[in-house]
Amino acid sequence: MKLVPLGQSSFLLKFRKTSILLECGLDLSALLEFWPVDLERRGCDQSSHGDRGGGKRRRRTTESLEGGAVLARCSSESYLSAPVLFKTPMLDQVDFSAVSAILISSPAQLLGLPYVTEYTAFRGQVFATEPVVAIARHWMKELLGVDA
């Protein structure tokens with residue numbers, strides 16, 4: 001038996017002629033650098049420094065970057081407005097045509113599954129509980145809204 005680590009929490013378990021992928025998450029750390037949906041709600045205004053509604057407002061400046069991206073600065077914080085690219089674990093090291101099954105234990109670990117089913121040769125079975133699938137489906141819809 002051999003256990004191959006594929007990143008933070010994904011593993012490939014090889015036992016005799018069977019390969020099983022344990023977890024299939026996404027690296028969501030890129031989201032920390034992107035523009036919040038509503039900077040104004042966070043106290044960052046495009047046009048003023050002063051008080052509004054009793055709270056201190058911070059001035060926001062924006063700068064256009066290559067490829068249509070926009071960099072927004074609000075006090076000492078910087079945010080990027082551009083299409084979000086999510087990273088999968090080191091799945092390029094896996095021969096998915098040889099993987100028999102994928103076992104998922106939590107909603108966060110299911111978020112990379114669409115990549116595996118759409119862009120690899122995986123034709124095996126996926127095992128997850130109904131609550132895990134329901135919560136992951138909700139999170140995936142939210143992630144699609146982030147990139148809209």
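**Strand pairing, core and aromatic pairs**

Leu26 is partly exposed, at 22% relative accessibility. Here buried means under 20% relative accessible area, exposed means over 50%, and partly exposed lies in between, with a 1.4 Å probe and protein chains only as cover. The model is predicted: local features need pLDDT of at least 70, side-chain atom pairs count only at pLDDT 80 or more, and totals for chains, interfaces and linings use all residues. Residues are numbered from 1 along each chain as its sequence is written, and side-chain values use heavy atoms, with hydrogens and water left out.

Leu26 sits in the loop between E3 and strand E4 (44-45). Helices (H or I, at least four residues) and strands (E, at least two) are DSSP runs, numbered from the N terminus. Contact means heavy atoms within 4.5 Å. With neighbours within four places in sequence set aside, Leu26 contacts Phe86, Lys87, Thr88, Ala108, Leu111 and Gly112. The C-alpha atoms of Leu26 and Tyr115 are 9.7 Å apart in space, and the two residues are 89 residues apart in sequence.

The chain contains two helices and eleven strands. Along the sequence their order is β-β-β-β-β-β-β-β-β-β-α-β-α. Of its 148 residues, 30% are buried. Among contacts with a separation of 6 or more, 52% join residues 24 or more positions apart. The chain exposes about 9,800 Å², of which carbon and sulfur atoms supply 54%. Accessible areas were computed by the Shrake-Rupley method with a 1.4 Å probe; for residues, only the protein chains shown count as cover.

Strand E10 takes part in two parallel pairings. Two strands pair if DSSP finds at least two bridges between them. E3 and E10 pair in the parallel sense over four bridges. Within this pairing, Leu21 has Ile102 of E10 as its bridge partner. E10 and E11 also run parallel, joined by three bridges. Ile102 stands opposite Val126 in E11.

At 11% relative accessibility, Ser19 is buried. Its contacts beyond four places in sequence are Leu12, Leu13, Lys14, Ala98, Val99, Ser100 and Ala101.

Ser10 is buried, with a relative accessible area of 1%. Beyond four places in sequence, Ser10 touches Val4, Pro5, Leu22, Glu23, Cys24, Gly25, Pro89 and Gln109. A polar atom of the Ser10 side chain lies 3.4 Å from the backbone oxygen of Glu23.

The largest nonpolar core has 17 residues; Leu21, Phe96, Val99 and Ile102 touch the most other members. Strand E10 (99-103), helix H1 (113-119) and helix H2 (130-146) each contribute at least two residues to this core. Such a core is a set of buried Ala, Val, Leu, Ile, Met, Phe, Trp, Tyr and Cys residues joined through side-chain atoms within 4.5 Å. Outside four places in sequence, Phe96 touches Leu21, Leu91, Val116, Thr120, Ala121 and Phe122.

A search of the whole structure finds two aromatic pairs. One is formed by Phe96 and Phe122, edge-to-face, at 6.4 Å centre to centre and 85° between the planes. Phe96 lies in the loop between strand E9 (77-81) and E10, and Phe122 in the loop between H1 and strand E11 (125-127), so the pair ties together parts that are 26 residues apart in sequence. Phe96 is buried at 4% relative accessibility. Phe122 is buried too, with a relative accessible area of 4%. Tyr115 and Tyr119 form a tilted pair, 5.9 Å centre to centre with 35° between the planes. Rings of Phe, Tyr and Trp (its six-membered ring) pair if their centres lie within 6.5 Å; planes under 30 degrees apart count as stacked, over 60 as edge-to-face and the rest as tilted. Both tyrosines lie in helix H1, four residues apart, about one turn of the helix. Tyr115 is partly exposed, with a relative accessible area of 34%. Tyr119 is exposed, at 65%.

Methods:
Polar contact = N/O pair within 3.5 Å; in protein donor to acceptor, adjacent residues only side chain to side chain.
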